[in-house]
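Reader: I would like to learn how to read the features of a structure one at a time. Please give the general idea first, then the case at hand.

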Amino acid sequence: MPPSKPNPYLFQELGVMAMERGRTNEAREHFKEGTKTDAGAQSAVLWQAWAMLETREPLGGETARKLFQKGTCCISQFPIPDTVCPYK
């Protein structure tokens with residue numbers, strides 16, 4: 001991935017493709033790397049896709065809930081201040 005302009009949608013799509021092929025760890029790594037970028041940290045789509053991966057895991061409920069919460073803090077139409085959203 002070129003470090004100059006990482007695109008969160010590319011990380012999201014790579015993760016989803018890996019997830020669809022049953023490559024859970026690979027998918028998780030794409031999502032994790034994507035959320036480390038500035039744009040990815042603010043991408044609700046990326047957080048939601050990662051959360052959906054975790055819902056497929058037997059004990060992934062709590063992790064999925066936290067990831068969904070992080071994603072809700074990113075929705076640009078309804079920005080949530082940092083003081084209200086502890087997940088940023």
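This is a predicted model: local features need pLDDT of at least 70, side-chain atom pairs count only at pLDDT 80 or more; totals for chains, interfaces and linings use all residues.

Reader: Where does Thr35 lie, and is Thr35 buried or exposed?

Author: Thr35 lies in helix H2. Its relative accessibility is 13%, so Thr35 counts as buried, the limit for that word being under 20%. The side chain of Thr35 also reaches the backbone oxygen of Lys32, at 2.9 Å.

Reader: How do I get an overview of the secondary structure of the protein?

Author: The protein has five helices and zero strands, and along the sequence the pattern is α-α-α-α-α. Of its 88 residues, 33% count as buried. The accessible surface comes to about 5,700 Å², and 56% of that belongs to carbon and sulfur atoms.

Reader: What share of the contacts with a separation of 6 or more joins residues 24 or more positions apart?

Author: That share is 36%. Glu57 sits in the loop between H4 and H5. Not counting residues up to four places away in sequence, Glu57 touches Thr24 and Arg28. With a relative accessible area of 27%, Glu57 is partly exposed.

Reader: How do I read the length of a helix?

Author: Compare the span between the end C-alpha atoms with the span expected from the number of residues. Helix H5, residues 61–72, has twelve residues and should span 16 Å at 1.5 Å a residue; its end C-alpha atoms are 17 Å apart, which agrees. H4 also has twelve residues, and it reaches 16 Å from its first C-alpha to its last, close to the 16 Å expected.

Reader: Which residues of H5 are buried, and what do they pack against?

Author: The general idea concerns the turn of the helix. An α-helix has 3.6 residues a turn, so residues three or four places apart point the same way. In H5 the buried residues are Ala64, Leu67 and Gly71. They cover an arc of only 65 degrees around the axis, which puts them on the same side of H5. These buried residues of H5 pack against helix H4, residues 44–55.

Reader: Which residues are buried in H4, and which helices do they pack against?

Author: In H4 the buried residues are Leu46, Trp47, Ala49, Trp50, Ala51, Leu53 and Glu54. They pack against H1, H2, H3 and H5. Gln48, also in helix H4, is partly exposed, with a relative accessible area of 37%. Gln48 and Gln69 are 21 residues apart in sequence, and 9.0 Å separates them in space, C-alpha to C-alpha.

Reader: How do I read a nonpolar core, and how many residues has the largest one here?

Author: In soluble globular proteins, nonpolar side chains tend to be buried together. The largest nonpolar core here has 14 residues, and those with the most contacts inside it are Ala27, Phe31, Trp50 and Leu53. Helix H1 (8–20), H2 and H4 each supply at least two residues of this core. H4 gives the most to it, with six residues.

Reader: What does Phe31 touch, not counting residues up to four places away in sequence?

Author: Phe31 touches Phe11, Gln12, Gly15, Val16, Leu46, Ala49, Trp50 and Leu53. Among these, Trp50 and Leu53 are named with Phe31 for the most contacts inside the core.

Reader: How do I read a residue in a loop, and where is the place of Thr37?

Author: Thr37 is in the loop between helix H2 (24–35) and helix H3 (38–41). Its relative accessible area is 15%, so Thr37 is buried. The side chain of Thr37 reaches two backbone atoms: the oxygen of Gly34 at 2.8 Å, and the nitrogen of Gly40 at 2.9 Å. Leaving aside neighbours within four places in sequence, Thr37 is in contact with Pro6 and Phe11.

How values were computed
Residues are numbered from 1 along each chain as its sequence is written. Side-chain values use heavy atoms; hydrogens and water are left out. Helices (H or I, at least four residues) and strands (E, at least two) are DSSP runs, numbered from the N terminus. The expected span of a helix is 1.5 Å times one less than its number of residues. Buried means under 20% relative accessible area, exposed over 50%, partly exposed in between (1.4 Å probe, protein chains only). The arc is that of the directions from the helix axis to the C-beta atoms. Contact means heavy atoms within 4.5 Å. A polar contact is a pair of N or O atoms within 3.5 Å; within protein, one must be able to donate a hydrogen and the other to accept it, and residues adjacent in sequence count only if both atoms are side-chain atoms. A nonpolar core is a set of buried Ala, Val, Leu, Ile, Met, Phe, Trp, Tyr and Cys residues joined through side-chain atoms within 4.5 Å. Accessible areas come from the Shrake-Rupley method with a 1.4 Å probe; for residues, only the protein chains shown count as cover.
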